[in-house]
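Hello,

Here is the model we discussed. Please load it and read the notes below alongside.

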Amino acid sequence: MSIVPKDVITRIADLNFLADVYQGLDSVPKTLPCKYFYDEHGSWLFEKITQLKEYYLTNVELDILDQNIEDIAFQLGSNVTIIEPGCGAGHKVQKILNAIEQPKTFIPFEISAEMLSYSVSRLRILFPHLEIQPLEGDFTNKKAVKQIISETNIGNSSNVVFFPGSTIGNFSRPEAADILRNFKRLSGINGKILLGIDLIKDKETLIRAYDDTEGITAEFNKNILTRINAELDGNFDIQNGFKHKAIFNENDNRIEMHLVSCKPQVVIIAGKCFHFDLLETIHTESSHKYSIESLTSITNQAELTLEKYWCDHQNRFAICLLSA
Ligand code: AVJ
């Protein structure tokens, strides 16, 4: 880090980003954390992805919610507090808040301050009588979760942790079990977790969902390089240097997104050089796919019980109700 030019890195957020990028690109094989896809442009690209025909996940999950909303609301009970880690704009929770009887409080838990204030303002207009208590923070951080529990009285009520969208898929299976353990703490006494998972299906459908014909996912993947160039004084050749690739890793039942180097090349980031061989890849994201059985092994590890789940007719996606 000593070689970072003085005037280049000015913000703490940039420093964390830089440290993660250096660590990832010094690893063998090279990696970059997928959370850095989501700056303003990346979040917008992801919104575009959710509207692609090939990316079935979002629409199928919204349909499952719509088709089963009465039963889901019944299972969640009345007068509950809903916590949504990584809530984004809050479009999915809107359906839940509409359906349950007298929701008590909504707690959006979000790492991006801009996204958090946007979704809070939006939901305050839609639900003027609902109490909204925004929490800014990283739900993967155990310490942050502990602090929230000790500073609020979340732990003493019955809450629902809502975690839709297959976000859990971005984590390895041991990490996923850890996150569910954290959520169990957040859910309080007799707490519940409503979790969206993408189900294992044929390889072709999965790869199409992560390598669309319009190239939006490719642009989303490359956005991490665009950010490194803009924010960390990098010189990636975005146009011709790297190609988007999606593969299905059958051993781990996960889609992997990679950026493949089209040539032997050296890239400089804030003064530090990284060498890439021809066809060397940067692994940028994993998206784990589940069966109900493989989910059960994770919920067992987190000492949670799978109470009920709702699927679409083609078994593409499932919304699962877990209880503490
Ligand atoms: C937002 C993590 C659920 O893994 O399917 C979409 C992100 N990556 N296309 C996913 C994503 C490529 C998405 N999640």
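Start with the ligand. The residues around it are Ile49, Leu57, Gly165, Ser166, Thr167, Gly169, Asn170, Tyr210, Thr217, Glu285 and Ser287. A residue is near a molecule if its C-beta atom, placed from the backbone, lies within 6 Å of it.

This is a predicted model: local features need pLDDT of at least 70, side-chain atom pairs count only at pLDDT 80 or more, and totals for chains, interfaces and linings use all residues. Numbering runs from 1 along each chain as its sequence is written.

Confidence: the chain's mean pLDDT (the predictor's confidence in each residue, from 0 to 100) is 93, and 96% of its residues reach 70 or more. For the complex, the predictor gives an ipTM of 0.99 and a pTM of 0.92.

By class, the ligand shell holds three nonpolar, seven polar and one charged residues. Here Ala, Val, Leu, Ile, Met, Phe, Trp, Tyr, Cys and Pro count as nonpolar, Asp, Glu, Lys and Arg as charged, and the others, Gly among them, as polar.

The chain is assigned domain 1 (6–31 + 207–288) and domain 2 (56–201 + 290–323). These bounds come from an automatic or database domain assignment. Each domain gives the ligand shell at least three residues.

The C-alpha centres of the two domains lie 29 Å apart. Six residues of domain 1 are in contact with seven of domain 2 (C-beta atoms, placed from the backbone, within 7 Å). On the domain 1 side, strand β12 (residues 281–288) supplies the largest share, four residues. Strands are DSSP runs (E, at least two residues), numbered from the N terminus. That side has one nonpolar, four polar and one charged residues.

Best wishes

Methods: Contact = placed C-beta atoms within 7 Å.
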